[in-house]
2 protein chains.
Amino acid sequence: MSGRKQFPSMTALQVLLAVGERGSTSAAAEPLALSQSAVSKQLIGLEDLIGGPAFQRTPNGMVPTELGAIYIEHARTAIKAMEDAALKVARLKPGPRVLRLQVPPIFGDRWLLPRFVQFTEAHPEIEVQFTTFVSKTQTEIPDGNVRFLVAPAPDEEGTYLFGNDIRLVSAASYWEKLGNPATVEAAARGVMLEHPQTPFHWPFLVQANGLHGLEVRHTMRFGYYTMVIRAALAGQGMALIPQGLIVDELAAGRLVNPKGLGYRSDHGYWFTKPANIPPSESMRLFEQWLHAEASMVKD
Amino acid sequence: MSGRKQFPSMTALQVLLAVGERGSTSAAAEPLALSQSAVSKQLIGLEDLIGGPAFQRTPNGMVPTELGAIYIEHARTAIKAMEDAALKVARLKPGPRVLRLQVPPIFGDRWLLPRFVQFTEAHPEIEVQFTTFVSKTQTEIPDGNVRFLVAPAPDEEGTYLFGNDIRLVSAASYWEKLGNPATVEAAARGVMLEHPQTPFHWPFLVQANGLHGLEVRHTMRFGYYTMVIRAALAGQGMALIPQGLIVDELAAGRLVNPKGLGYRSDHGYWFTKPANIPPSESMRLFEQWLHAEASMVKD
DNA sequence: GCTCGCTAGTCGTTTTTGGCATACCCCAAT
DNA sequence: ATTGGGGTATGCCAAAAACGACTAGCGAGC
């Protein structure tokens, strides 16, 4: 009406979400395919535009301010709208069904995406769109979801992938600093790294090992589970992690799990989709591939 | 997860909406404060990105394709999300209440915005955010609306601005081409320019002049009312327009209304707001100014 | 044919973006 | 106290993007 309104750019919005999720500009840089410097500049530009800091810079990482939280929510809406538009258009085209898959960030980062290039090579004609978050305003329903569940709901179909095998892990240096505890009791001297909204908590480990009321010395909580793993790798404490997500780190010694301390969770990663929908050929092929890959986890 | 996704820029989205509303890149250029060339390039860039034409280029202007319609809808969601974020943040700040006003594009363009600089000068401390469209996903409720109504709903408060006085107008050249009709019957030889979703249609004119069943030779329909006025100015036909919106064009002779042909509509522009909400000082001052301005229309 | 309104393209200029390198900060370990 | 590691922000520079002025070409109307 009277000139363009100045809004944050799409890159800035993606930066905002990634920094919120990863906890630092340097950690956000990789999934954005940007340098830390570019991420920092985008964030500062956004903060100039919106009139204040989106994050508090703390020793524990970037913590969203109230202002930041407002913009994060609306950034999700805007980004999801663009994702939905692209998906809706892709779904109108003839040819193989475009797949939209809703995937938790950590599962995508650590397990699916590193393997996904194989699927792409085998099926270059199949377009897959990943999305890592849900928005209240989304208009396009995903074809499939990966979720960490006990079991799928009655109105969906699901197959178990992996995830029951939960390991208590830390960096080798941290474990050594704890005096190389050989039991859960001994490990209780450590700092537990947790994400409140995942089902990986110290009391489950305690219970599963036939102990009662054993408290861990300290618990440090993070807003995203990806940050839990980063903190464990950085030697800040111990974390409970599905073994399948950290196979490489365990093999490389970046994380250790002496004595195989851990427990068997009733939760696991499941691939779910709405029931009673005939699967497209694209979906059939993807599921076939996904299950073959998951069967190699052996948990 | 694997790099930034490439989405249309905020400028491109605003261009998409403006071209859809105005019907051409040249008409969209002014409210965007861009040149026609820049608008064209943004549109072509967007079309490259989304994989096809957003508009069909027709002699009657740009007509949205199916692809374009999908993106228009989602562009509204994204833009509105950004507007809502900015408004929500502004509403958290101390100081005068930020006003969000929902205004039809044509009312804003032709009447409110040209006058609004006066309000701004008188009250520089009051921030007003205009929005021209509604989105299903919006989260922030406007403080006030301008709408073309018979009367406000029971759950709102409203004051009449102007708009009952509807005039049959055209460019002088067009009226001359029709043989300078002095009556509604004679004018029926012409082409009627209409927007289906406004209450300004030829049969109302006929009825209000005590005639029955008199058909106009041809009706040309446009997707937006702003395009109706542009077509009338361009000599493409006759239009029924609230007199208050075209005072300057009538005075300058760019539009003519010989013999004062027209009718009195039961619809008019009303300024409405939710009832039972104590008005802020900002709103009180705005309403005061708005009513003073509207009283000068004298219809 | 001419005029007008329109779209899209070229060219030159300006602005923006992103990476490299680096200064600075904080914390933990030695 | 020093060192190392992880982090943020900034300067410099090159590349990319954005924009306006100008213009070619098209279609419609006269």
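This passage describes how the two chains of a predicted model are arranged, how they meet, and which local features stand out.

The arrangement of the copies comes first. Two copies of a chain are related by a rotation about an axis and a shift along it. Here, chain B can be laid on chain A with an RMSD of 0.1 Å. Within chain B, the residue that comes closest to the rotation axis is B:A78, whose C-alpha lies 2.0 Å from it.

The interface can be described by residues and by area. Chain B contributes 42 residues to the contact, and chain A contributes 42 residues. The size of an interface is often given as the accessible area lost when the parts come together. For chain B and chain A, about 3,900 Å² is buried between them. Carbon and sulfur atoms account for 70% of that area.

Polar interactions also cross the interface. Twelve residue pairs are in polar contact between chain B and chain A, both residues being at pLDDT 80 or more. Two salt bridges are found across the interface. A salt bridge joins B:E83 to A:K5, and the closest N and O atoms of this pair are 2.8 Å apart. On the side of chain B that touches chain A, the elements that give two or more residues are α1 (10-22), α2 (25-32), α4 (66-92), α5 (105-122) and β4 (128-131) of chain B. The most comes from α4(B), with 18 residues.

In chain B, B:R22 forms a salt bridge with B:D109, with 2.7 Å between the closest N and O atoms. B:R22 lies in helix α1 of chain B and B:D109 lies in helix α5 of chain B, so the pair ties together parts that are 87 residues apart in sequence. B:R22 is buried, with a relative accessible area of 10%. B:D109 counts as partly exposed, at 23% relative accessibility.

In chain A, a salt bridge forms between the side chains of A:E156 and A:R147, at 2.6 Å from N to O. A:E156 counts as buried at 19% relative accessibility, the cut-off for buried being under 20%. A:R147 counts as partly exposed, at 30%. Elsewhere in chain A, a network of salt bridges links A:R91, A:R97, A:E140 and A:D143.

Helix α11 of chain A was examined in more detail. This helix covers residues 281-295 and has 15 residues. From its first C-alpha to its last, the helix reaches 21 Å, close to the 21 Å expected at 1.5 Å a residue. The buried residues of α11(A) are A:S282, A:M283, A:L285, A:F286, A:E287, A:W289, A:L290, A:E293 and A:A294. These buried residues pack against several elements of chain A: β3 (99-102), α5 (105-122), β5 (144-149), β6 (156-162) and β12 (268-274).

The helix also holds a salt bridge. The side chains of A:R284 and A:E281 meet at 2.9 Å, N to O. Both residues lie in helix α11 of chain A, three residues apart, about one turn of the helix. An α-helix has 3.6 residues a turn, so residues three or four places apart point the same way. A:R284 counts as partly exposed at 40% relative accessibility. A:E281 is partly exposed as well, with a relative accessible area of 47%.

Backbone angles mark two loop residues. Phi of A:K259 is near 65 degrees, a positive value in a residue other than glycine. A:K259 lies in the loop between α10 (247-252) and β11 (262-264) of chain A. A:K259 is exposed, with a relative accessible area of 65%. In chain B, phi of B:N180 is near 50 degrees, again a positive value in a residue other than glycine. B:N180 sits in the loop between α6 (172-177) and α7 (184-187) of chain B. B:N180 counts as partly exposed, at 47% relative accessibility.

Terms used: Residues are numbered from 1 along each chain as its sequence is written. Chains are lettered from A and ligands numbered from 1 in the order in which they are written. Side-chain values use heavy atoms; hydrogens and water are left out. Copies are superposed by least squares on the C-alpha atoms of residues with pLDDT of at least 70 in both. Helices (H or I, at least four residues) and strands (E, at least two) are DSSP runs, numbered from the N terminus. The expected span of a helix is 1.5 Å times one less than its number of residues. Buried means under 20% relative accessible area, exposed over 50%, partly exposed in between (1.4 Å probe, protein chains only). Contact means heavy atoms within 4.5 Å. Buried area is the accessible area (1.4 Å probe) that two parts lose on being put together, summed over both. A salt bridge is a side-chain nitrogen of Lys or Arg within 4 Å of a carboxyl oxygen of Asp or Glu. A polar contact is a pair of N or O atoms within 3.5 Å; within protein, one must be able to donate a hydrogen and the other to accept it, and residues adjacent in sequence count only if both atoms are side-chain atoms.
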